[in-house]
Amino acid sequence: MSLNPLDGRPPYRLGTIYLLQAEQPIWASYRDSLSAQAAQAFKNSISVDPFSPFGYFELGKLYRGKGDRTSAQEVFERAISYEPNFIPARMALAELAQERGQPDVAHMHLRAIETIRWKYQGWTLSSLEQQFLAVQSPKS
């Protein structure tokens, strides 16, 4: 990160490493600390590369996992404000709306997902483009 402070990928990967460590039973007593370090790494990634939705998505999943739905919603919304085709964040917003008893909002996000998928149906997509259109549950 010190060699290229303008690249958001290293802090993003560091956050991913912290999350993977936190999931290991051997590190259970450090889970909260590792999650906090992961959140900070994702925030660093966002500050360096604010246009990539991936850092927002991972940070939103962390917030949601801690029960902070408001912060999760904010970062998921920022992800789709920068990349409207990022379906995983849209799916997370639909799930949050459903949990909050807002079925109309959830349906709005689901319709947007259908529209995006329809738009790109039949296209040959790169692996990065496939990540944008993939639907992964944020509860993982």
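Author: Helices here are DSSP runs of H or I of at least four residues, numbered from the N terminus. The model is predicted: local features need pLDDT of at least 70, side-chain atom pairs count only at pLDDT 80 or more, and totals for chains, interfaces and linings use all residues. Residues are numbered from 1 along each chain as its sequence is written, and side-chain values use heavy atoms, without hydrogens or water.

Reader: Which element gives the largest share of the lining of the second largest pocket?

Author: A pocket is an open set of 1 Å grid points where a 1.4 Å probe fits, with protein on both sides within 12 Å along at least five of seven lines; lining residues have an atom within 4 Å of a point. The second largest pocket holds about 290 Å³ of space, the volume being what probe spheres on the points fill. Its lining counts 15 residues, and Tyr 12, Phe 54, Gly 55, Glu 58 and Gln 131 are the closest to its centre. H1 and H3 each give two or more residues, and the largest share, 4 residues, belongs to H3.

Reader: Is Ala 92 buried or exposed?

Author: Ala 92 sits in helix H5. Buried means under 20% relative accessible area, exposed over 50%, and partly exposed in between (1.4 Å probe, protein chains only). Ala 92 has 0% relative accessibility, so the class is buried.

Reader: How far apart in space are Ala 92 and His 107?

Author: In sequence, 15 residues separate Ala 92 from His 107. In space, C-alpha to C-alpha, the separation is 12 Å.

Reader: How many salt bridges does a search of the whole structure find?

Author: The criterion is a side-chain nitrogen of Lys or Arg within 4 Å of a carboxyl oxygen of Asp or Glu. Asp 7 is buried, at 16% relative accessible area. The search gives a total of 5.

Reader: Which helices hold Glu 95 and Arg 64?

Author: The side chains of Glu 95 and Arg 64 form a salt bridge, 3.0 Å from N to O. This pair ties together parts that are 31 residues apart in sequence, because Glu 95 and Arg 64 lie, in that order, in helices H5 and H3.

Reader: What is the N to O distance between Arg 64 and Glu 99?

Author: Arg 64 is buried, with a relative accessible area of 11%. Glu 99 is partly exposed at 31%. Their side chains meet in a salt bridge, N to O, at 2.3 Å.

Reader: How many residues apart in sequence are the parts that Arg 64 and Glu 99 tie together?

Author: Arg 64, Arg 69, Glu 95 and Glu 99 are linked in a network of salt bridges. Within it, Arg 64 lies in helix H3 and Glu 99 in helix H5, so the tied parts have a sequence separation of 35 residues.

Reader: How far apart in space are Ser 126 and Glu 58?

Author: Ser 126 lies in the loop between helix H6 (103-120) and helix H7 (127-133). Ser 126 is partly exposed, at 35% relative accessibility. Ser 126 and Glu 58 are 68 residues apart in sequence, and their C-alpha to C-alpha distance is 21 Å.
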